[in-house]
Amino acid sequence: MVEYIRFLYVVLCFAVCVGSYALCRDKRDWAWLAGAIAFTCWADFFLVLRDAHVMGVAVFCFAHVCYAMRVYRLPRNHVAYVFAFIGCTVVVFSFLHAIAVLAGLYAFLFIMNMGLHVRYRKTLRNAPLILAGLILFLLCDVSVLLYNIPRYLNGWVGLKKLYPLIWWFYIPSQGLLAVSAIDFKRLKRSLSHG
């Protein structure tokens with residue numbers, strides 16, 4: 001039951017993002033954010049509700065491509081190539097059930113994504129909000145890694161206590177990212193005139 005509530009929270013974040021369209025400053029930025037959170041919902045469906053790690057990590061790779069595209073404005077035909085390359089890579093390694101390779105690809109995409117957001121933070125709208133969300137997301141992923149290490153260490157359970165930390169980091173990260181396309185000055189004006 002708790003897993004369903006957590007999954008519904010991510011779906012709610014997607015709904016908040018979609019609902020923020022009228023308040024966003026940049027439609028392109030909003031579209032990439034909406035895509036990222038849609039992939040996040042799909043990934044969480046596999047990870048949280050189905051315990052399907054290979055598919056969950058594979059879909060999360062696309063979420064981080066979308067987050068990177070918010071910052072790094074490639075021409076449209078190049079975006080298609082990026083998605084095709086990531087898609088082929090993910091399909092091959094998902095078929096092979098190579099979770100370690102997919103996790104490595106995911107880590108690479110996340111680090112690239114963080115690097116882009118740090119490098120271009122002065123030009124980003126709501127940069128502190130986005131960076132705070134991504135840092136919490138990173139802390140969540142580090143907790144997930146440490147939580148799963150015991151599977152490879154003959155069942156040692158010393159790091160299993162980290163499970164609550166995963167959600168303490170993940171829930172606020174998704175909330176912050178979901179509202180990161182909003183033009184808060186416009187929101188304030190609309191609230192003051194409403």
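Predicted model: local features only at pLDDT ≥ 70, side-chain atom pairs only at ≥ 80, totals over all residues.
**Figure 1. Lining of the second largest pocket.** The residues that line this pocket divide into 13 nonpolar, no polar and no charged. The space in the second largest pocket comes to about 190 Å³. Ala 68, Met 69, Leu 74, Val 82 and Met 112 lie nearest its centre. H3, helix H4 (76–95) and H5 each contribute at least two residues to the lining, and the largest share, five residues, is from H5.

**Figure 2. Lining of the largest pocket.** The volume of the largest pocket is about 1,100 Å³. It is lined by 31 residues, and His 53, Val 57, Val 144, Leu 145 and Asn 148 are the closest to its centre. Two or more lining residues come from each of helix H2 (27–49), helix H3 (53–71), helix H5 (99–119), helix H6 (127–148) and helix H7 (163–178). H6 gives the most, with nine residues. By type, the lining holds 24 nonpolar, two polar and five charged residues.

**Figure 3. Salt bridge between Arg 70 and Asp 29.** Side chains of opposite charge can pair when their charged atoms come close. In the whole structure, three salt bridges are found. In the one between Arg 70 and Asp 29, the closest N and O atoms are 2.8 Å apart. This pair links distant parts of the chain, with Arg 70 in helix H3 and Asp 29 in helix H2, 41 residues apart. Arg 70 counts as buried because its relative accessibility is 3%, under the 20% cut-off. Asp 29, at 12%, is also under 20% and therefore counts as buried.

**Figure 4. Salt bridge between Arg 125 and Asp 26.** The closest N and O atoms of this pair are 3.5 Å apart. Arg 125 is partly exposed, at 39% relative accessible area, whereas Asp 26 counts as buried at 14%.

**Figure 5. Salt bridge between Asp 183 and Arg 25.** The two side chains meet at 3.8 Å, N to O. Asp 183 sits in the loop between H7 and helix H8 (184–193), and Arg 25 in the loop between helix H1 (2–19) and H2; the two residues are 158 residues apart. Asp 183 counts as buried at 10% relative accessibility, while Arg 25 counts as partly exposed at 39%.

Definitions and conventions: Residues numbered from 1 in each chain as written. Heavy atoms only, no water. 1 Å grid on protein atoms, 1.4 Å probe; cavity = no way out; pocket = protein on both sides within 12 Å on 5 of 7 lines; lining within 4 Å. Points joined across faces, edges and corners; volume = space filled by probe spheres on them. Helix = DSSP H or I, 4+ residues; strand = E, 2+ residues; numbered from the N terminus. Nonpolar A, V, L, I, M, F, W, Y, C, P; charged D, E, K, R; others polar. Salt bridge = Lys/Arg side-chain N within 4 Å of Asp/Glu carboxyl O. Buried < 20%, exposed > 50% of the residue type's maximum accessible area, 1.4 Å probe, protein only.
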